[in-house]
Structures are given as structure tokens and as C-alpha cells.
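Below are my comments on the model you sent.

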Amino acid sequence: MKNFRNVILFLMFGTIIASCNKNNVANVQHPLSNEFLTTTILNLQNVSNPNDKPSISYYLNPNTPTVPPVITPDTLKLTKNATYTCNIVILDQTKTPVDTVSDVIKQRENIHLFFFYPTSGLMLTDSITDHDTNIPPLPFGLQSQIKTEAASTGSLRVVLRHQPNVKNGTYGPGSTDLDVTYPVSIK
Amino acid sequence: MKTQLFLLIFIIILLFSKVSFAQDTPRAKSFIEISGGISNPTGNFASSALTNNIQSTYNSTDGYAQLGSHFAINGAWYLTPNFGVGGTLSTSSYSVNANALANEIINSFDCDSATASARNYNTISVLVGPYYAIRLGHLTIEARVLAGITNTTTPDFIMQAINLAGGSDPESISTFVQKSGTATALGLDAGIGIKFALAKHLGLVLRTDYFYSKPKLSFDNVGRQNNAGRLVTSYNQPIAGVNSTFGVCYFF
């Protein structure tokens, strides 16, 4: 009887020591994404001329990444000395129906940031007009304003940075979700 | 869960309803007992569902608690053949579902990978209340309803959102912590047990109890740079579950 009691007590206290405060640790990988950013469209509108609504689309088939992207039309044509609003729409055309990925990116605006880089000869500036809900609010970039100056040609590079809990308004932290370049002509 | 609770209450009522028939049964022995076993958390405390809220921060009600251990020193003094008063000094420890927490970080931040680590939830309870027992030879069937105080301590939840290196970007690791919290609140316990007398003063006991406490916990969070994902600053959900224990008791 005494041995039996000792065994019971040994098992109980052993369990106490083993289970009281263990460290629970997990390292989880993102499942393979089934979402592709196949198409990036810039929709512009001249604020002083509602009929001047240029648009350009960049399409890259994720199944044939070595094939050059299809840019339609081949050049974004802007009027000199004008101000445009610019709205970005990003689609996943591998889905049926087509998935508007930019809606999800908008939901995740607090960890995403767009950057616009015109080539040095291209006479335009792009300033972000929308902000996220971080405190203080940081630029987001799905909506922006493009101001053109003298006639020129070049290209406009658009980069989407994904910055999970490291977004601070700068390019550095995080990684790149999207990097597309459009030919631009200002006349 | 509601069904389990209903059954437990039904059994307790059934046992108490036998008062008038049990007067001729032998007197239940007063005892002191040490027991241990498992504690199965229930409700939001045990929940770890992925959220659909990815737009901003959200104060999750999910506790991520998993099956834990429970240890207790119980005792009761029988004033009549069937009725006694007693209490329990107990502690429970619950592991944290770190895997679900890491998945939630990926869901919230859409990052390449995530880590989560946390030690255990711990509770300490001191509860007292009435006991009712029916003695059937070597067997004693016992029910109890206890109330008192329960102290709950939550661990640090240490989380990392990781973006792997790619292109010209180095690996990005953001670490944030939900700091430990502690609070004391009313604790309740209702359960039944079966004791088997091995000798005059020694017996074995099996118990199952439902316990409940609802502490108002609050937490500091450090390392949160962006308003995104699970951000729990307060937690006022039931810390509840079912304990199933086995132990030895000394009769006197």
C-alpha cells in the first residue's frame, strides 16, 4: 500500500513539474499564395478637363513570367502643365470572375505603401493624396495626384511595398509586392 | 458545453434530492485529498479562430488556451451523514495554442512567416462551499458547489511578423509583445466525485468539475508600430472549463 501511494505521489508531482509552465512555440510559414497581381491599371483624370481621362494597363501572366508584360496602350499620354488625379486598380485575372486585389490592399492599407518614380527626364511629379489609419496617419498611395510640366517622355515606375508592422512612411522596411513601369509621354 | 453543464447540475440536483432517502446510509467520512489531472478549457478562452478583420487592429476575445493540467488539495468535514462543508486550494495551467496565434499573425499581416511563443496561463483558486455525499460501502459519491476567489495570470505573448529576404530587400522581422496580465475575480466550481476506500484512512478519488471565473485582465502591448492585426489590451471573458482529476485521500 505504501509503495502504491508513493507511486501515485511521484506521478502527480512529476506531472506538475513537467506541465506547469512550458514554453509554447510555433513558427508558421505563409501558405502558398493563390493570389496574383497580374494587372495594374492607372486611371487618371485631368482635374480641369473631365474629358481628359487617360488610362494605362500593365499585364503580366504569372504562368509565363519570362514573356514581356503587355502594356495597353503602349504609352500613357498626358497633357503638359496639367494636374491629374490618379487611381490605381490591381486585378488578379487568373480568377474567374476577375478578383480586384486592390480592394484587399486597401483593407490592408496600414501595412502597404506605394511609391512613384518618374525617370529623370520625365517632367511630372506624383504626390500621394490618401492616407492610412495608423496613428499618425501615413501615406498610402492608391490615390495620388500627378502634376505635369513641360513636354517630355520617359517612364513612371510604381512600386508597392508590403511593410508588416514596420511601415513608417519610408521605402526601406518590408518587401516589394509589385514593381511595374509605364512609358509616359507628356505633350 | 451547455449540455455538459446541464447534466452536471442535473446530477447534483438528483443527488441532493436523495436527502430524504439517504438518512439510513452510513456517515460519509471527512477527508483531505490531493489530486491532479487535466483541465479542458471551454468557450472563448479556448477559441482560436482566424479573424476576418484585416482592416485595422481588433481586440480579440479568443484566449488560445489548450488542454492543461489541474492540481488541488481538497478537503471536507461532514457535519451530518450526508452534508459537509469543505474547500479546495487548486491551480491550473493551460498551454497556449502558439500555432494558431502564428497563423493569426500571418492572416493579419500577410507576411511570409510568423512566430509566436508564450508560456502557460496559470490560475490559483481558493474556494469553499457545501459538500453532499452518499456512502455505499467502500464507495462514496460526492457532489460539491464551491465559490471563492480565482487569480488568473496570462503569459507574455511574443509574436514576430517576418518577411523573408528577396531581391534587394533584407529579411524584415517585426517583434511585438502582449505583456503578461494578472487579475483576481470570483471563482465558481461545481462537480461530482467518486471515492473508493482502500483502507480505513486511505482512499482513491475521481472527480470532474466545471469551473468558472471572469477576471478583468488588461495588458500592455509593446512593439506595435502599425494599426493592424490582433491587439488585445483588455480581456474580460470567462476563464472556464472542465477539470477531470484523480487523487488520493485521507479519511478521518
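**Notes on the predicted model**

1. Between chain A and chain B of this predicted model, the count is one salt bridge (a side-chain nitrogen of Lys or Arg within 4 Å of a carboxyl oxygen of Asp or Glu). Arg161(A) pairs with Asp169(B), with 2.9 Å between the closest N and O atoms.

2. On the side of chain A that touches chain B, α1(A) gives the most, with nine residues. In all, 41 residues of chain A and 48 residues of chain B take part in the contact (heavy atoms within 4.5 Å).

3. Chain B has an average pLDDT (the predictor's confidence in each residue, from 0 to 100) of 90. Residues 17–22 of chain B fall below 50. Where pLDDT is low, the predicted coordinates should not be read in detail. The model scores are ipTM 0.81 and pTM 0.84.

4. Residues are numbered from 1 along each chain as its sequence is written, and chains are lettered from A and ligands numbered from 1 in the order in which they are written. Local features need pLDDT of at least 70, side-chain atom pairs count only at pLDDT 80 or more, and totals for chains, interfaces and linings use all residues, while side-chain values use heavy atoms, with hydrogens and water left out.

Key
Helices (H or I, at least four residues) and strands (E, at least two) are DSSP runs, numbered from the N terminus.
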